Amino acid sequence: MDATEVDVRRIVAELGSNNSSLNIDVIDCDPELADTAEFVEAYGYTLDQSANTLVVMGKSDPPVFVACVVLASTRLDVNKVVRRKLGVKKCSFAGPDVTGELTGMKIGGVTPIGLSEHMPLWVDRRVMDCERIVLGGGSRSCKVVAAPEILTALPHVEVVDGLAKDPPKVPPA
């Protein structure tokens, strides 16, 4: 267990002891199955329960960053909503190296829990409509399953309408 995962587990335990309605579980998982598609298939969850944390970089001088939480069944609206809210002309997903540098976490384990107070956290409103959500656990070795209100218990959170959109419809073959 790395230091980030230890920190996330500590914060999760504190949140759970302060509010039992969050109904928090930390589940161990095979690091090879930590990416969302593989995880949901192997562990019996759905994309509509999985809330992915994505780091976005606004291309300005200096660059600005935000962490966004969206359901895996949706797509983060980077080019309109995120760009506009960041107040930049261009933005893009932060790559694995930048994400790791900013969060201390690898892709497949990124969680909003324990992020720097200097990084804003935006949550798509649809995430808050779920009964329970699956979040990264700070490493690829675990996930946090909880009521979505775990997100609003974190500092620097803003719930945003329309942060994510439905993926494009695929025409029938």
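User: In which loop is the place of asparagine 23?

Analyst: This is a predicted model, where local features need pLDDT of at least 70, side-chain atom pairs count only at pLDDT 80 or more, and totals for chains, interfaces and linings use all residues. Residues are numbered from 1 along each chain as its sequence is written, and side-chain values use heavy atoms, with hydrogens and water left out. Helices (H or I, at least four residues) and strands (E, at least two) are DSSP runs, numbered from the N terminus. On that basis, asparagine 23 sits in the loop between helix 1 (3-18) and strand 1 (25-28).

User: Thanks! What is the phi of asparagine 23, and is it positive or negative?

Analyst: Most residues other than glycine have a negative phi. Asparagine 23 is a residue other than glycine, yet its phi is positive, near 50 degrees.

User: And which loop residue has a positive phi near 60 degrees?

Analyst: Look in the loop between helix 6 (149-152) and strand 9. With phi near 60 degrees, the residue is histidine 156.

User: Which residues does a cis peptide bond join?

Analyst: Most peptide bonds are trans. Here is one with omega at about 0 degrees, and its proline lies in the loop between strand 2 (51-58) and strand 3. The bond joins aspartate 61 and proline 62.

User: Let's turn to strand 6 (residues 121-124): are its residues buried or exposed?

Analyst: Leu121 and Val123 point one way from the strand. Trp122 and Asp124 point the other way, and all of these residues are buried.

User: In what sense do strand 6 and strand 9 (residues 157-160) run?

Analyst: Two strands pair if DSSP finds at least two bridges between them. Strand 6 pairs with strand 3 (residues 64-71) over three bridges in the parallel sense, with tryptophan 122 as the bridge partner of cysteine 68. With strand 9, valine 123 stands opposite valine 159. Four bridges join strands 6 and 9, and the two run parallel.

User: Which glycine takes a positive phi in the hairpin of strand 7 and strand 8?

Analyst: Strand 7 (residues 133-136) and strand 8 (residues 142-146) pair in the antiparallel sense over four bridges, and leucine 135 stands opposite valine 144. Five residues lie between the strands of this hairpin, and the one with phi near 95 degrees is glycine 138.

User: How far apart in space are valine 81 and glycine 162?

Analyst: Valine 81 belongs to helix 3 (residues 78-86) and counts as buried at 13% relative accessibility. Glycine 162 is in the loop between strand 9 and strand 10 (164-165) and is partly exposed, with a relative accessible area of 40%. Leaving aside neighbours within four places in sequence, glycine 162 is in contact (heavy atoms within 4.5 Å) with Asp77, Val81 and Asp124. Valine 81 and glycine 162 are 81 residues apart in sequence, while their C-alpha to C-alpha distance is 7.4 Å.

User: Lastly, what radius of gyration does the protein have?

Analyst: The radius is taken over C-alpha atoms, and the globule rule is 2.2 Å times the number of residues to the power 0.38. The C-alpha atoms fill a box of roughly 45 × 40 × 30 Å along the principal axes. For 173 residues a compact globule would have a radius near 16 Å, and in agreement with that, the protein has 15 Å.

Note on methods: Buried means under 20% relative accessible area, exposed over 50%, partly exposed in between (1.4 Å probe, protein chains only).
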